[in-house]
Amino acid sequence: MRCAVEHIAYLSKALWQHKTRLIYVALPCKKTIYPELISSSFRQGATTAPQWRKMVLELLQKDVEVIDMFPHFIQNKNTNHLFDFEHFISYEGAKLTAKVIADYLKETSFFETKTNSQFELVEKLKNRSNRLYRVNFVFKDEKPYIPYNENLSNICIFGNCNLQAFHKEGAGIVANLAYQMNQEIDYIGRKLIFAATTEKFDKQAYEQCCKRDIAICISFPSGSFVRTSAKGNVSIVSVLKELLKNKSIYGKWSDINLS
């Protein structure tokens, strides 16, 4: 089994053999951005920062393209609330993430748009638990944009961000990216590149990525490690205690075999 950095680097090299760029987008967890809002009883996930900053650095050293959203979230934390009432990325967080990815792609890529569709971003007020909050929806040709795996785009996205595809509570990262890029974005699905899950990044997902120029993987790195480590009789609480004791996080991580 490969550890996190080795595995992502392995996947990047494997895709590059098919001329596909892998871009790994690391999302911060809520506690690292808004520690003042998190109570001790909140389902926090891993209370990280140094481990994942080190992970990003090591990925860059292994020639993996990485977009680290942590500094962007910190910079915008007081302008927009980037998480919802729980721990998921909010519509503002999804919009910011898509904008950062789009700017990066425009700076580092050249390709022709494969659609003549008109994309539109619409903001609406919704009521949830007697609270009014603003959400955004992306429309294509005056219909809600729902990204599918139709092999229409030269860009695809997969990973474990809850708001990647169109969401009933608003547009996710994929829809926002389609709006920012003014082109179709294929959603490969909730494919997780770590073990201990029923939604693994499988051979079919790999083959779909190989058909694209760019494959974008979006995930919360902390969630990846916690889920992977919580196998057998080891609970998530036990894993968190080990992390808080500064124990090594570079253990068994993924058993994915691309062959």
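Colleague: What is the mean pLDDT of the protein?
Modeller: The mean pLDDT is 77, and 70% of the residues reach 70 or more. Over residues 226-234 the pLDDT is below 50, and this stretch has 23 contacts (heavy atoms within 4.5 Å) in the model beyond near neighbours in sequence. Residues 247-253 also have a pLDDT under 50, with 26 contacts beyond four places in sequence. Where pLDDT is low, the predicted coordinates should not be read in detail.

Colleague: How many helices and strands does the protein have?
Modeller: There are 9 helices and 8 strands. Both are DSSP runs numbered from the N terminus: helices are H or I with at least four residues, and strands are E with at least two.

Colleague: How much of the protein counts as buried?
Modeller: Of its 259 residues, 50% count as buried. Buried means under 20% relative accessible area, exposed means over 50%, and partly exposed lies in between (1.4 Å probe, protein chains only). The protein exposes about 13,100 Å², of which carbon and sulfur atoms supply 49%. Such areas come from the Shrake-Rupley method with a 1.4 Å probe, and for residues only the protein chains shown count as cover.

Colleague: What share of the contacts joins residues 24 or more positions apart?
Modeller: Such residues account for 74% of the contacts with a separation of 6 or more.

Colleague: Turning to charges, how many salt bridges are there?
Modeller: The structure holds 8 salt bridges. A salt bridge is a side-chain nitrogen of Lys or Arg within 4 Å of a carboxyl oxygen of Asp or Glu. Side chains of opposite charge can pair when their charged atoms come close.

Colleague: Which residue forms a salt bridge with Arg-212?
Modeller: Arg-212 pairs with Asp-186, the closest N and O atoms being 2.5 Å apart. Arg-212 lies in the loop between α7 (203-210) and β8 (214-219) and Asp-186 in strand β7 (residues 186-189), so the pair ties together parts that are 26 residues apart in sequence.

Colleague: Are these two buried or exposed?
Modeller: Arg-212 is buried, and Asp-186 is buried as well. For Asp-186 the relative accessible area is 2%.

Colleague: What else does Asp-186 touch?
Modeller: Leaving out residues up to four places away in sequence, Asp-186 touches several residues, including Tyr-148, Glu-150, Leu-152 and Cys-156. The side chains of Asp-186 and Arg-212 also make a polar contact at 2.5 Å. A polar contact is a pair of N or O atoms within 3.5 Å; within protein, one must be able to donate a hydrogen and the other to accept it, and residues adjacent in sequence count only if both atoms are side-chain atoms.

Colleague: Which residue pairs with Lys-54?
Modeller: Lys-54 forms a salt bridge with Glu-58, with the closest N and O atoms 4.0 Å apart. The two are 4 residues apart in helix α3 (residues 50-61), and are therefore separated by about one helical turn. Lys-54 is partly exposed at 44% relative accessible area, and Glu-58 is partly exposed at 22%.

Colleague: Which residues are linked in a network of salt bridges?
Modeller: Glu-92, Lys-95 and Glu-123 are linked in this way.

Colleague: A change of topic: why is helix α6 described as largely enclosed?
Modeller: In helix α6 (residues 173-181), 7 of the 9 residues are buried, so the rest of the structure largely encloses this helix. Among the buried residues are Ile-173, Leu-177 and Met-181.

Colleague: What comes just after α6?
Modeller: Asn-182 follows, with a positive phi of about 55°, although Asn-182 is not a glycine. Most residues other than glycine have a negative phi. Asn-182 lies in the loop between α6 and β7 and counts as partly exposed at 37% relative accessibility.

Colleague: And where does Glu-142 lie?
Modeller: Glu-142 lies in the loop between β4 (131-140) and β5 (143-144). Its phi is positive, near 70°, and Glu-142 is exposed, with a relative accessible area of 72%.

Conventions: Residues numbered from 1 in each chain as written. Predicted model: local features only at pLDDT ≥ 70, side-chain atom pairs only at ≥ 80, totals over all residues. Heavy atoms only, no water. pLDDT = per-residue confidence, 0-100.
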